[in-house]
Amino acid sequence: MFVKHCMNSQFTLLGSAKYCMLASSAVIRRQQFLIRTLGGYTDQTHLKRMQQTKAMSGTAFEADSENILRAITPNLDPSKHKGQAGKIAVIGGCREYTGAPYFAAISALKIGADLSHVFCTKDAAAVIKSYSPELIVHPILEESYSIRDEDKPSISSKVLAEVNKWMERFDCLVVGPGLGRDPFLLDCVREIMKHARRSNVPIVIDGDGLFLVTDSLDLVSGYPLAVLTPNVNEYKRLVEKVLNCKVDDHDAHEQLLSLAKGIGSITILRKGKSDLISDGETVKSVSIYGSPRRCGGQGDILSGSVAVFLSWARQRLSAAEGDLPISKINPTVLGCIAGSALMRKAASLAFQNKKRSTLTSDIIECLGKSLEDICPAI
Ligand SMILES: NC(=O)C1=CN([C@@H]2O[C@H](COP(=O)(O)OP(=O)(O)OC[C@H]3O[C@@H](n4cnc5c(N)ncnc54)[C@H](OP(=O)(O)O)[C@@H]3O)[C@@H](O)[C@H]2O)[C@@H](O)CC1
Ligand SMILES: Nc1ncnc2c1ncn2[C@@H]1O[C@H](COP(=O)(O)OP(=O)(O)OP(=O)(O)O)[C@@H](O)[C@H]1O
Ligand SMILES: [Mg+2]
């Protein structure tokens with residue numbers, strides 16, 4: 001009898017077998033535990049309790065990503081002027097890495113942003129410009145090897161002044177793709193991030209930006225417009241630093257929730273087989289089938305995409321004044337869900353065409369069609 005009651009309750013709660021497949025094993029285990037310990041309650045009380053528990057602990061549902069993409073992608077309105085569909089800046093690109101900032105910045109344009117800037121080192125700038133005339137490239141960052149110690153303070157002020165001149169115009173910064181780990185360069189980027197935060201500019205932090213932030217959590221702590229997009233290594237470093245424990249894949253949702261909460265009102269997109277997203281209040285997953293190719297640079301596409309969708313989500317929510325179905329969702333979470341879903345759809349499409357030879361540039365070429373399939377331009 002009790003077993004039957006539990007089974008009924010579980011299925012009332014979960015809704016369908018399809019949902020069961022999508023929900024995380026950790027959540028199912030948690031619900032089974034609650035069901036086991038709630039014997040004696042009526043179905044109604046039980047359901048209410050479960051809902052309360054879920055609301056308190058944060059839920060782990062597969063996001064309704066296609067509807068979110070439709071809801072936040074702006075119409076192509078002829079009355080709009082250049083810039084209104086988004087101005088994105090990538091802070092990254094050094095002697096070693098020129099592909100990563102290019103991938104992030106060009107992805108932003110391919111999705112529909114109007115302007116995409118790259119702030120990088122002088123060595124990287126000419127190379128990045130040569131990849132594309134579409135990008136606005138600022139050769140302003142410096143690495144220690146190219147300057148004398150006594151010149152560092154004046155160079156640092158010059159770098160900051162140059163970026164700050166532009167800061168207010170950007171809808172979002174992406175900090176980190178191909179940034180490298182030079183200590184002087186990272187000190188300058190630290191100051192750029194502080195200024196972005198004072199100016200209320202959203203910041204997506206990826207790659208070496210995460211290396212910097214993991215070492216200086218105060219840069220993002222308590223800033224609701226900060227989004228971290230860690231890969232497996234970057235996530236491990238964050239968990240060890242903030243939660244002082246190992247990554248626990250059996251309780252992935254709860255751990256991510258604790259991490260986002262622990263850093264303080266920030267949003268984290270944990271990349272992996274399924275992408276998990278949390279702002280410390282809720283957990284969402286995006287498990288759309290992507291591609292089995294793991295070539296480098298796909299995370300860079302994602303960071304550029306999240307920057308655009310986050311900007312669009314903020315714009316959409318502020319124009320709608322609270323009367324949309326998505327109004328209650330944090331715009332940083334909306335941006336992550338949309339970016340992750342589009343990246344995975346484009347990766348899947350590219351893989352259909354190119355199979356083993358699929359590269360990041362092939363995926364970038366599929367961003368437009370993947371978005372078009374979900375929200376056609378006209
Ligand atoms: N085409 C391009 O231009 C692309 C460029 N990319 C760019 O590459 C950068 C690093 O990103 P990634 O994804 O390789 O970092 P990740 O998985 O944490 O590290 C793997 C292992 O390497 C090590 N390690 C890394 N950097 C190190 C350093 N400077 N010095 C020493 N060790 C270093 C690291 O060690 P650990 O940090 O754990 O000590 C870990 O064991 C980043 O800017 C990214 O945007 C990518 O986006 C791909 C496409
Ligand atoms: N096992 C997987 N199956 C399907 N998709 C995955 C898998 N792992 C990662 N992805 C997807 O690939 C994208 C990039 O994630 P990845 O972990 O490769 O980032 P990264 O290491 O930062 O990449 P980059 O090489 O750009 O630095 C994400 O959108 C993620 O959803
Ligand atoms: Mg990366």
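A polar contact is taken here as a pair of N or O atoms within 3.5 Å, where within protein one atom must be able to donate a hydrogen and the other to accept it, and residues adjacent in sequence count only if both atoms are side-chain atoms. The structure is a predicted model, in which local features need pLDDT of at least 70 and side-chain atom pairs count only at pLDDT 80 or more, whereas totals for chains, interfaces and linings use all residues. Residues are numbered from 1 along each chain as its sequence is written, chains are lettered from A and ligands numbered from 1 in the order in which they are written, and side-chain values use heavy atoms, with hydrogens and water left out.

A backbone N or O atom of Gly-99 lies 3.2 Å from an oxygen atom of ligand 1. Oxygen atoms of ligand 1 also lie 2.5 Å from a polar side-chain atom of Asp-208 and 2.4 Å from a side-chain N or O atom of Arg-237. Taken alone, ligand 1 exposes 870 Å², of which the protein buries 57% (Shrake-Rupley method, 1.4 Å probe). Two or more residues of the shell are contributed by each of α6 (99-111) and α11, helices being DSSP runs of H or I with at least four residues and strands runs of E with at least two, numbered from the N terminus. Of the 17 residues around ligand 1, those that come nearest are Gly-178, Arg-181, Asp-208, Arg-237 and Asp-300 (near meaning a heavy atom within 4 Å). The shell divides into five nonpolar, seven polar and five charged residues, with Ala, Val, Leu, Ile, Met, Phe, Trp, Tyr, Cys and Pro counted as nonpolar, Asp, Glu, Lys and Arg as charged, and the others, Gly among them, as polar.

The unreviewed UniProt entry lists a binding site that includes Gly-178, Asn-231, Val-232, Arg-237 and Asp-300; such annotations may be inferred rather than shown by experiment. Asn-231 is found in the loop between β7 (226-228) and α11 (232-242), and its side chain reaches the backbone nitrogen of Asn-233 at 3.1 Å.

Strand β2 (residues 87-91) is largely enclosed by the rest of the structure, because four of its five residues are buried.

Methods:
Buried < 20%, exposed > 50% of the residue type's maximum accessible area, 1.4 Å probe, protein only.
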